[in-house]
Amino acid sequence: MANFSSLSVFQLSYNDLHGWVPPVIFQHKRLVTIDLHQIPGVSGTLPNFSADSNLENLLIGNTNFSGAIPSSVGNLKSLKKLGLGAQGFAGDLPSSIGELRFLSSLEVSGLETQMHLKGNQLQGVLPHDINKHCMLEAIDFSDNWIQGLLPRSLASCKNLEVLDIGNNHINDSFPCWMSALPSLQVLVLNNNKFFGQVAPIVAEDKGTCEFQSLRVLDLASNNFSGALAGDFIMKLKSMMVNTANGALAMEYKADLQRLQQKYQVATSLTYKGNSITFEKIVRTLVLIDVSNNVFHGSIPEAIGKLVLLNTLNMSHNLLTQPIPSEVDRLKQLESLDLSSNALTGVIPQGLATLDFLATLNLSDNNLEGRIPESPHFLTFSNNSFVRNDGLCGPPLSQKCSNAPTSNTACYPSKDKPADITLFLFAGLGFSVGFAIVIVMTWVLPLRKKS
């Protein structure tokens with residue numbers, strides 16, 4: 001590099017190069033851009049950065065770089081784009097990243113306005129002083145060892161659409177304050193240490209927690225508790241009315257070295273009973289996963305309002321009472337898992353009318369009565385219904401009694417008492433009238449003859 005003292009741009013991205021990148025390259029005083037992203041064959045470590053560096057773009061995503069991210073990255077005062085998605089990075093995430101006042105985008109694989117540190121071995125806490133002019137649209141810190149709280153300064157990222165911090169050690173309450181992000185569509189908090197109710201912490205904040213644009217909510221495998229509030233469900237407006245526009249998949253434009261490119265966001269979710277990595281998030285995906293928590297009480301009837309839902313997983317909680325009949329309104333539902341709770345009553349007949357339902361798991365509950373009969377329900381195996389001692393009928397081997405059964409017969413009648421009384425009096429009147437006719441027709445003539 002000694003012979004390139006005037007070099008300002010060092011760009012080798014999207015090549016099939018191999019070898020070690022000397023750390024001295026990153027200390028070149030005149031370099032404005034170092035772009036090595038999308039070269040899996042190159043490796044190296046990051047040096048300590050000096051305060052007189054002119055670097056504005058540092059992109060090493062999808063390479064084989066390793067080691068620690070130096071805290072001196074905070075010395076890069078001119079930095080505008082930063083990509084640290086190399087899977088070999090380990091150690092603490094420097095808090096100094098949040099102090100870069102000109103940082104408007106953090107990128108990986110050329111994805112402008114995406115902060116992506118997925119699948120490293122990073123630990124420590126997230127930066128708590130994020131730039132108030134934050135322009136980020138997608139943040140992915142999943143599969144690391146991040147601890148502590150979610151930084152409240154994320155509320156500055158008004159363009160944020162995707163936040164994925166799944167599979168970390170975040171220990172915090174539910175972030176109702178994120179409802180201030182008007183564009184947030186995907187919120188993945190699974191496999192952390194979140195706790196408490198999915199509701200505002202104090203009564204004064206009751207008007208918050210209204211996620212108008214949210215389409216994917218994954219809270220699985222945390223320590224959330226309390227009841228699932230119908231009020232919270234009713235505020236998920238984007239799961240009720242289709243407001244998606246533009247491209248089918250969520251994508252973003254990157255303007256890197258005068259070349260415009262489009263990039264898509266990937267995330268890992270439990271879908272139809274399997275853990276799946278979506279290489280792109282389609283805007284028609286509408287999902288709620290609250291499995292493996294300690295929620296109790298009933299399933300809110302308001303769930304039937306979320307007519308765009310195609311995946312609902314409430315398994316492995318402490319939910320009780322019957323499955324609400326309102327689930328028959330979820331005509332787009334493809335996967336329903338309510339297993340391993342303490343649900344009671346019968347299976348709503350309306351479930352058998354959901355034509356797109358391909359995955360169903362109601363096992364390990366206290367359900368009873370006849371399993372709804374329909375050609376569609378016959379496609380589900382025993383595993384969908386096992387360990388409900390009161391259930392009978394196909395596909396279970398337990399046969400139902402010959403006595404006629406109804407999926408609603410187990411509950412008190414909702415008819416008005418006046419209607420029942422009228423029915424009883426009508427029956428009594430008919431009986432008395434019939435008796436008078438018998439007496440006048442047979443008994444009186446016989447007495448006259450005698």
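Which residue forms a salt bridge with Glu373? The partner is Arg370, and the closest N and O atoms of the two lie 3.5 Å apart. The model in which this pair occurs is predicted.

## Salt bridges

The structure holds four salt bridges. Among them is the pairing of Glu373 with Arg370. Glu373 counts as exposed because its relative accessibility is 54%, over the 50% cut-off. Arg370 has a relative accessible area of 25% and is partly exposed.

Another of the salt bridges brings together the side chains of Arg387 and Asp364, with an N to O distance of 2.6 Å. This pair links distant parts of the chain, 23 residues apart. Arg387 sits in the loop between strand E31 (366–370) and strand E32 (390–392), while Asp364 sits in the loop between strand E30 (359–361) and E31. Arg387 is exposed, at 56% relative accessibility, whereas Asp364 is partly exposed, at 26%.

## The Asp52–Lys29 pair

Asp52 and Lys29 also form a salt bridge, their closest N and O atoms being 3.3 Å apart.

Asp52 is partly exposed, with a relative accessibility of 43%. Lys29 is likewise partly exposed, at 44%. Side chains of opposite charge can pair when their charged atoms come close.

## Disulfide Cys176–Cys209

Two disulfides are present in the structure. One of them is formed by Cys176 and Cys209, whose sulfur atoms are 1.8 Å apart.

Cys176 is buried because its relative accessible area, 6%, is under 20%. Cys209 is buried as well, with 3% relative accessibility.

## Disulfide Cys392–Cys400

A disulfide also joins Cys392 to Cys400, with an S to S distance of 2.0 Å. The torsion about the S-S bond of Cys392 and Cys400 is about 100 degrees, and the disulfide is therefore right-handed. Both Cys392 and Cys400 are buried.

How values were computed:
Residues are numbered from 1 along each chain as its sequence is written. This is a predicted model: local features need pLDDT of at least 70, side-chain atom pairs count only at pLDDT 80 or more; totals for chains, interfaces and linings use all residues. Side-chain values use heavy atoms; hydrogens and water are left out. A disulfide is a pair of cysteine sulfur atoms within 2.5 Å. Buried means under 20% relative accessible area, exposed over 50%, partly exposed in between (1.4 Å probe, protein chains only). Helices (H or I, at least four residues) and strands (E, at least two) are DSSP runs, numbered from the N terminus.
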